[in-house]
Amino acid sequence: MDRKALIIGASGQIGSELVATLRGRIGNQNVVASDIKEPDNGSELLNGPFEVLDVMNGELLKAIVEKHQITEVYLLAALLSATAEKKPMFAWQLNMDGLFNVLNLAKEGSLKKVFWPSSIAVFGPSSPKYLTPQVTVMEPTTVYGISKLAGERWCEYYHKQYGVDVRSIRYPGLISTKSLPGGGTTDYAVDIFYKAKKGEEFTCFLSEETALPMMFMDDAINATLNLMEADKSCLTIHSSYNVASLSFSPRQLTEAIRHIIPNFVVHYKPDFRQAIADTWPASIDDTVARKDWGWKAEYGLQKMVKEMLEKISV
Ligand code: AKB
């Protein structure tokens, strides 16, 4: 089957890396990048087709899918946890309407496959905190978590009722060298590297001992593409898969950075994001993803820290 992919939210933290990797795998012309704004001149996104698209515009989405004869969509446009708390109604609208626009196109038969990211934010204070299982109590207390849990239920519904092949991962906090995250509760784990590399002090918005599930971007991209390329008959989860990699607190991350930059100084000044983090798991059980499609992370904490400090430009 000839693959033609559309990546929505291509300028974001995941999108920018996914576009590059997928273009490397299936060819630049076969991956259409899209975002709400034109990228800057010289952006890597322009190494192949690019479309300006607001995912809430279902008609335009449909026209772009038809124009490029798209077979698979990666829907990465969303408001993350911290921003969603500030704009709850807009977050709900963007996170849900965007998903419905894509799922409905797939239901009409225009698309063969859909990737939609969920998050560890689907869990809440009543979920087990350590090695949180695939199936467990889920009572998220954030707008973002509620939208992701609702989205998961809708993905499963569209699969069961209409045969839509929608695949999903509950991403943890993602750490990447290229684009900065924006509006998340786990963003400190990227910001900290820029301060460390510049030789500056860092003030962390989470407390020292707040452990959260995290993952290096290369692992996240591999997880995404491997899940999308997995044989459909192996998949038993049609809501969203738990995937695990790292779990660390700001203190543990600081210690790992100090192995390379010994005099790095971090201060702690928790803000409203602490209350969000307190409701999330500290670590995730990913047995089902390992069994169904062979998921396995490559990056440990020290390997990730070394790569971040080498590759980010400050
Ligand atoms: C966030 O912090 O909101 C995201 C997430 C864990 O989904 N990085």
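Q: Hi! How many cavities of 30 Å³ or more does a search of the whole structure find?
A: Hello! The search turns up one cavity of that size. Keep in mind that this is a predicted model.

Q: What volume does the largest cavity have?
A: About 60 Å³.

Q: And which residues line the largest cavity?
A: The lining is made of Leu-75, Leu-76, Ala-77, Ala-78, Leu-94, Asn-95, Leu-99, Trp-116, Pro-117 and Lys-148.

Q: Thanks! On to the ligand: where does it sit?
A: You'll find the ligand in the largest pocket. Around the ligand are Leu-80, Ser-81, Ser-119, Ile-120, Tyr-144, Gly-184, Thr-185, Thr-186 and Trp-280.

Q: How does that shell divide into nonpolar, polar and charged residues?
A: Four are nonpolar and five are polar, with no charged residues in the shell.

Q: Which polar atoms lie by the ligand's oxygen atoms?
A: There are a few to look at. In Ser-81, a side-chain N or O atom is 2.5 Å from a ligand oxygen. Ser-119 has a polar side-chain atom 2.7 Å from an oxygen atom of the ligand. With Thr-185 it is a backbone N or O atom, 2.7 Å from a ligand oxygen.

Q: How much of the ligand does the protein bury?
A: The protein buries 94% of the 260 Å² that the ligand exposes when taken alone.

Q: Last one: why is the ligand said to lie between domain 1 and domain 2?
A: Because both domains give residues to the shell around the ligand. Domain 1 covers 5-172 + 216-242, and domain 2 covers 173-214 + 245-311.

Key. Residues are numbered from 1 along each chain as its sequence is written. This is a predicted model: local features need pLDDT of at least 70, side-chain atom pairs count only at pLDDT 80 or more; totals for chains, interfaces and linings use all residues. Side-chain values use heavy atoms; hydrogens and water are left out. A residue is near a molecule or strand if one of its heavy atoms lies within 4 Å of it. A polar contact is a pair of N or O atoms within 3.5 Å; within protein, one must be able to donate a hydrogen and the other to accept it, and residues adjacent in sequence count only if both atoms are side-chain atoms. Accessible areas come from the Shrake-Rupley method with a 1.4 Å probe; for residues, only the protein chains shown count as cover. On a 1 Å grid over the protein atoms alone, a cavity is a set of points where a 1.4 Å probe fits but cannot get out, and a pocket is an open set with protein on both sides within 12 Å along at least five of seven lines; lining residues have an atom within 4 Å of a point. A molecule sits in a cavity or pocket if more than half of its atoms lie within 2 Å of its grid points. Ala, Val, Leu, Ile, Met, Phe, Trp, Tyr, Cys and Pro count as nonpolar, Asp, Glu, Lys and Arg as charged, and the others, Gly among them, as polar. Domain bounds come from an automatic or database domain assignment. Grid points are joined across faces, edges and corners, and a volume is the space filled by probe spheres set on the points.
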